[in-house]
Amino acid sequence: MGMITDWPSLAACQNGDPDALFVQGAEQNVAKRICRSCPVRYECLADALDNRIEFGVWGGMTERERRALLRRHPQVTSWRKMFEAAMKKNAKEKAGKDKILVTTAN
């Protein structure tokens, strides 16, 4: 399963107050909680990182956290592609573990 292109329509924050995601200080932790259960958290984060969005909480990360991540990984040219590759690898590893469990259970 790949990442969703039309992610904003599925975002946990879509019906909330948009200003709630553009706060400072301790209020950012409250904003980040909205993202925890969001089904398109990684799509949102990839979009913010790829487009160098400077303000607000996106994908569960503040602008400061995103800047730090970008500085630590300047070689990443597409966060979306990197997240997709990681998701595929994770799914493949999980499928392999499930197969082993089924095989050893018999």
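Q: Where does Thr62 sit?
A: Thr62 is in the loop between α2 and α3 (helices are DSSP runs of H or I, at least four residues, numbered from the N terminus). Residues are numbered from 1 along each chain as its sequence is written, and this is a predicted model, where local features need pLDDT of at least 70, side-chain atom pairs count only at pLDDT 80 or more, and totals for chains, interfaces and linings use all residues. Side-chain values use heavy atoms, leaving out hydrogens and water.

Q: Why does Thr62 count as buried?
A: Because its relative accessibility is 7%, and buried means under 20% relative accessible area with a 1.4 Å probe, protein chains only.

Q: What is Thr62 in contact with?
A: Beyond its neighbours within four places in sequence, Thr62 contacts Gln28, Lys32, Gly56 and Val57 (heavy atoms within 4.5 Å).

Q: Switching to Glu63, which helix is it in?
A: Glu63 belongs to α3, residues 63-72.

Q: Which side chain of opposite charge is nearest to Glu63?
A: Arg66, at 4.7 Å. Glu63 is buried but has no salt bridge (a Lys or Arg side-chain nitrogen within 4 Å of an Asp or Glu carboxyl oxygen).

Q: What does the Glu63 side chain reach on Gly56?
A: The backbone nitrogen of Gly56, at 3.2 Å.

Terms used:
Helix = DSSP H or I, 4+ residues; strand = E, 2+ residues; numbered from the N terminus. Buried < 20%, exposed > 50% of the residue type's maximum accessible area, 1.4 Å probe, protein only. Lys, Arg positive; Asp, Glu negative; His and termini not counted. Polar contact = N/O pair within 3.5 Å; in protein donor to acceptor, adjacent residues only side chain to side chain.
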